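Here is a short report on one protein model and the two ligands it holds. Keep the sequence and the structure open as you read.

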Amino acid sequence: MAAARSCALWSCCGRGWSQVTPGRQLPGLRSSWPGDPLGVRLLSQEKKATETHFGFESVSEEEKGGKVYQVFESVAKKYDVMNDVMSLGIHRVWKDLLLSKMRPIPGTKLLDVAGGTGDIAFRFLNYVQAQQQRKKKRQLRAQQNLSWEEIAKKYQNEEDSLGGSHVMVCDINKEMLKVGKKKAIAQGHKAGLAWVLGDAEELPFDDDKFDIYTIAFGIRNVTHIDRALQEAHRVLKPGGRFLCLEFSQVNNPFISRLYDLYSFQVIPVLGEVIAGDWKSYQYLVESIRRFPSQEEFKEMIEDAGFHKVTYESLSSGIVAIHSGFKL
Ligand SMILES: COc1cc(O)cc(C/C=C(\C)CC/C=C(\C)CC/C=C(\C)CC/C=C(\C)CC/C=C(\C)CC/C=C(\C)CC/C=C(\C)CC/C=C(\C)CC/C=C(\C)CCC=C(C)C)c1O
Ligand SMILES: C[S@@+](CC[C@H](N)C(=O)[O-])C[C@H]1O[C@@H](n2cnc3c(N)ncnc32)[C@H](O)[C@@H]1O
């Protein structure tokens, strides 16, 4: 069943977010413009109403998706190395913390949207594998008279090593997924892992499918955040959990000054030197400044229908993990 989508758009002015007239409702007004049969005046209105941002640049909503696509197509091959260099490896700690918060249990069906090169998916698989391993060891130790064949069989069953858990990585960008698939082979991940090309705003899945939905450093890039949140809600099972790791608002003025300096003076230079791409890394830091604060984003998650919405700021608010439940 297709999701019922709200036409609400969010526009951002500095850090303030407000709802604006939805462009999709405008065609209905066409008949109320006598003397403008071609709807020229209205078309220009429509264009205005569907204006959004790409970093600090104003672009039409139609343009934004393509521009974001180009950014990740361009950085895909250097994406992982850039993250390690830019964050001095700290992004790995943030991603580990997302998994500690998730605490998946055997049998968990995870959807990782904007999953890119698979960092969250691989952590999930390692987590459930380690958990199953411990469980298996405990069981085997408790059973005294097992033959070596029985013990070997237990260890060889790859599917069983995940306890029925599964992760679906969904991303709009072919190049990011290509890098992710190569990484999966290199890291020995095969079972319990699937890759699908898809848009966070229109997920190619049925309703009530997944136990957990994650999106890490992805939602900042989608054109209609509210639509992506509604889709997250739609595909989760009742009782399912939404978890989002994203850049947020730094709450310490001293750190904030240093952070600005580092973001605007260092990150694009690193982007140019390592990935040969200044512009994509300028977009990264600008898009971070455009993203709503912890509290504003919490409200948006609630507006999409999630309950018990909470967040935790990490590293002085450089990033935050938001959590919510479909009840
Ligand atoms: C195109 O779109 C994208 C491309 C991508 O490759 C990635 C993403 C999405 C992002 C991720 C998956 C996460 C990983 C990427 C990042 C963390 C990069 C974004 C970085 C920032 C927005 C800036 C904040 C950086 C950090 C928190 C990392 C730690 C950095 C340092 C400790 C600074 C290292 C210092 C130098 C290299 C010396 C030069 C510095 C200056 C001239 C400026 C002065 C700055 C400082 C003294 C340090 C600033 C320190 C802080 C603000 C606090 C750090 C404290 C903690 C983390 C506890 C994507 O969308
Ligand atoms: C910064 S990367 C994050 C990748 C990964 N989650 C991580 O934490 O490393 C952002 C990802 O969002 C994807 N993306 C952007 N817009 C999207 C959309 N509308 N639907 C799905 N994925 C999208 C990009 O292709 C890119 O792979």
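## Around ligand 2

Ligand 2 is surrounded by 20 residues. The closest are Ala 114, Gly 116, Asn 173, Ala 200 and Ala 216. A residue counts as near a molecule or strand if its C-beta atom, placed from the backbone, lies within 6 Å of it. This is a predicted model, in which local features need pLDDT of at least 70, side-chain atom pairs count only at pLDDT 80 or more, and totals for chains, interfaces and linings use all residues. Residues are numbered from 1 along each chain as its sequence is written, while chains are lettered from A and ligands numbered from 1 in the order in which they are written.

Two helices, α2 (61-75) and α5 (119-142), each supply at least two residues of this shell. Helices (H or I, at least four residues) and strands (E, at least two) are DSSP runs, numbered from the N terminus. By class, the shell around ligand 2 has 11 nonpolar, five polar and four charged residues. Here Ala, Val, Leu, Ile, Met, Phe, Trp, Tyr, Cys and Pro count as nonpolar, Asp, Glu, Lys and Arg as charged, and the others, Gly among them, as polar.

## Around ligand 1

Ligand 1 has 27 residues around it. Met 86, Ser 87, His 91, Tyr 259 and Tyr 262 are the closest. Helices α2, α3 (79-87), α4 (90-102), α9 (253-275) and α10 (278-290) each give at least two residues to the shell.

Which helix supplies the largest share of the shell around ligand 1? It is α9, with nine residues. The shell around ligand 1 divides into 20 nonpolar, seven polar and no charged residues.

## The sheet

Seven strands form an open sheet. Their order is β7-β6-β5-β8-β9-β11-β10, and the pairing is mixed. Two strands pair if DSSP finds at least two bridges between them. Why is one side of β7 (193-197) and of β10 (307-314) left without a neighbour in the sheet? Both stand at the edges, each with a single partner strand, so one side of each has no neighbour there. Neighbouring strands are turned by 15° against each other on average, direction ignored.

Strand β6 (residues 166-171) pairs with β7 in the parallel sense, over five bridges. In β7, Leu 193 is the bridge partner of Val 167. Helix α7 (residues 174-186) lies across β6 and β7, running at about 165° to β7. Axes are lines fitted to C-alpha atoms, for helices over the stretch in contact, and angles run from 0 to 180 degrees between N-to-C directions. Helix α8 also packs on the sheet, touching β5 (109-113), β8 (210-216) and β9 (236-247). Its direction makes about 145° with that of β9.

## Helix pairs

Start with α8 (residues 225-235) and α11 (residues 294-303): their axes come within 9 Å and cross at roughly 50°. That makes α8 oblique to α11. Angles under 35 degrees count as roughly parallel, over 145 as roughly antiparallel, 65 to 115 as roughly perpendicular and the rest as oblique. The contact is made by Ile 225, Asp 226 and Leu 229 of α8 and Met 300, Ile 301 and Asp 303 of α11. Residues are in contact if their C-beta atoms, placed from the backbone, lie within 7 Å. The contact of α8 with α11 has four nonpolar, no polar and two charged residues.

The axes of α4 and α5 come within 10 Å and cross at roughly 50°. So α4 is oblique to α5. Lys 95, Asp 96, Leu 98 and Leu 99 of α4 meet Asp 119, Ile 120, Arg 123, Phe 124 and Tyr 127 of α5. Five of these contact residues are nonpolar, none polar and four charged. The axes of α9 and α10 come within 7 Å and cross at roughly 145°. Their contact has eight nonpolar, four polar and one charged residues.

Note on methods: Contact = placed C-beta atoms within 7 Å.
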